[in-house]
Amino acid sequence: MRTIKTKRRIIIASVVMFFVLTILLVVAPFSISAIVLNSIFGTRFTTYEQLSYKVADFEGLNADRYEFTSNDGQKLIGYKYYADGVEAKAVVVIAHGFGGGGHNSYMDCANYFAQNGFYVFAYDATGNDESEGKAVGGLPQGVIDLDYAINFVQGLPELNNFPIVLFGHSWGGYSVSNVLNYRDDVKAIVSVAGFNAASDLMLAQGIQMFGRASAILMPYVNAVESSKFGQYARSTAMDGFANSSAKVMIIQGGKDTTVPQEYGYDIYLDKYANDSRFNFVYRPERNHNNVYYSEQGIDYIKQINDDYLTFLDGATPSEELRAEYISQYLDRKQWSNLIDVELFAQIVEFYNSAI
């Protein structure tokens with residue numbers, strides 16, 4: 001009798017231990033991963049109005065507004081930019097970065113391309129600015145939205161006969177590279193401060209915030225993303241490069257801690273350094289946000305920040321004071337001319353070589 005009871009206790013203990021281990025090793029990590037992802041991507045992002053660009057900030061620039069849908073029927077808003085008296089020879093589709101709102105922050109880039117021989121189509125990705133979506137959802141959503149944006153451009157009668165080239169920064173750099181897995185109609189891409197895979201950026205940020213131990217969660221994070229986005233979550237920029245004949249320009253800042261170069265630039269350089277299809281531009285003194293700005297542009301941003309501290313004069317910073325300072329002191333002409341025109345002239349030459 002005691003033997004039977006002992007065996008029964010062992011079986012019960014084993015079953016309990018199994019369920020405990022399952023919760024600790026499987027359920028808990030998946031739950032934590034889902035919570036972490038939702039904390040990052042489970043919200044909308046909006047451009048700070050006081051610093052947003054207006055079409056009127058750029059002489060001779062025009063914009064036509066469009067609506068199109070993405071994968072779940074959500075309505076996205078995009079704009080076709082073009083310049084007075086400029087004959088366009090191709091369309092640049094711009095994919096914006098993550099966290100600051102939609103495409104507005106890249107209107108200065110759009111203006112340069114428009115003034116130098118291109119139509120530009122720039123849009124707000126899901127969960128950003130004018131576009132629908134309760135939240136961004138995840139990094140692969142950027143690839144999906146870009147894919148739909150290109151389809152929309154190709155369906156516009158006034159644009160469907162023009163070659164398509166892509167420009168993306170950060171999240172957009174990841175998106176323009178990865179979308180090559182699904183398209184054979186893109187002539188060239190420029191990826192600025194981009195990363196190879198969605199998991200790479202999550203790992204880079206996790207290590208910075210929580211140390212190397214955060215790598216333990218990555219298989220679970222990848223599984224959650226894969227269940228949500230399917231093949232889009234598993235594709236990489238390297239896959240895209242291998243599956244495409246598009247010309248590729250990679251631009252990287254040496255002081256970029258948001259997307260360290262080992263998660264994108266170094267991977268690409270190691271494989272394609274001697275490939276004539278690739279053009280690598282390394283800017284050792286630039287960080288993630290100012291990688292394509294001029295020295296004068298960087299100096300002006302520093303001036304704005306320094307003058308704001310003087311304006312506060314010891315007062316506690318607040319949204320009201322920030323808005324007041326910007327409305328009174330922001331030089332919109334300088335604010336609209338931050339980009340490095342020499343770098344963008346190089347980009348235009350690169351695009352021209354591909355079309």
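1. Leaving aside its neighbours within four places in sequence, which residues is Lys80 in contact with? In this predicted model, the list runs Asn62, Ala63, Asp64, Tyr66, Tyr119, Val120, Phe121, Glu158 and Leu159. Asp64 and Glu158 are among them.

2. Lys80 belongs to strand S2, residues 75-83. Buried or exposed? Lys80 is buried: its relative accessible area is 8%, and the cut-off for buried is under 20%.

3. Ile164 sits in strand S5, which covers residues 164-169. Ile164 is buried too, with a relative accessible area of 3%.

4. Beyond its neighbours within four places in sequence, Ile164 is in contact with Val91, Val93, Ile150, Val153, Gln154, Asp185, Val186, Lys187 and Ala188. On distance, the C-alpha atoms of Ile164 and Ile189 are separated by 9.1 Å. Those two residues are 25 apart along the chain.

5. Now the helix pair. Two packed helices are described by the angle between their axes and the distance between the axes. For H10 (residues 295-312) and H11 (residues 319-329), the axes come within 11 Å and cross at roughly 120°. H10 is therefore oblique to H11. The crossing of H10 past H11 is right-handed.

6. Which residues make the contact? H10 supplies Tyr300, Gln303, Ile304, Asp307, Tyr308, Phe311 and Leu312. H11 supplies Leu321, Arg322, Glu324, Tyr325 and Tyr329. By class, the contact of H10 with H11 has 8 nonpolar, 1 polar and 3 charged residues.

Methods. Residues are numbered from 1 along each chain as its sequence is written. This is a predicted model: local features need pLDDT of at least 70, side-chain atom pairs count only at pLDDT 80 or more; totals for chains, interfaces and linings use all residues. Side-chain values use heavy atoms; hydrogens and water are left out. Axes are lines fitted to C-alpha atoms, for helices over the stretch in contact, and angles run from 0 to 180 degrees between N-to-C directions. Helices (H or I, at least four residues) and strands (E, at least two) are DSSP runs, numbered from the N terminus. Angles under 35 degrees count as roughly parallel, over 145 as roughly antiparallel, 65 to 115 as roughly perpendicular and the rest as oblique. A crossing is left-handed if the near helix is turned anticlockwise from the far one by less than a right angle, and right-handed if clockwise. Contact means heavy atoms within 4.5 Å. Ala, Val, Leu, Ile, Met, Phe, Trp, Tyr, Cys and Pro count as nonpolar, Asp, Glu, Lys and Arg as charged, and the others, Gly among them, as polar. Buried means under 20% relative accessible area, exposed over 50%, partly exposed in between (1.4 Å probe, protein chains only).
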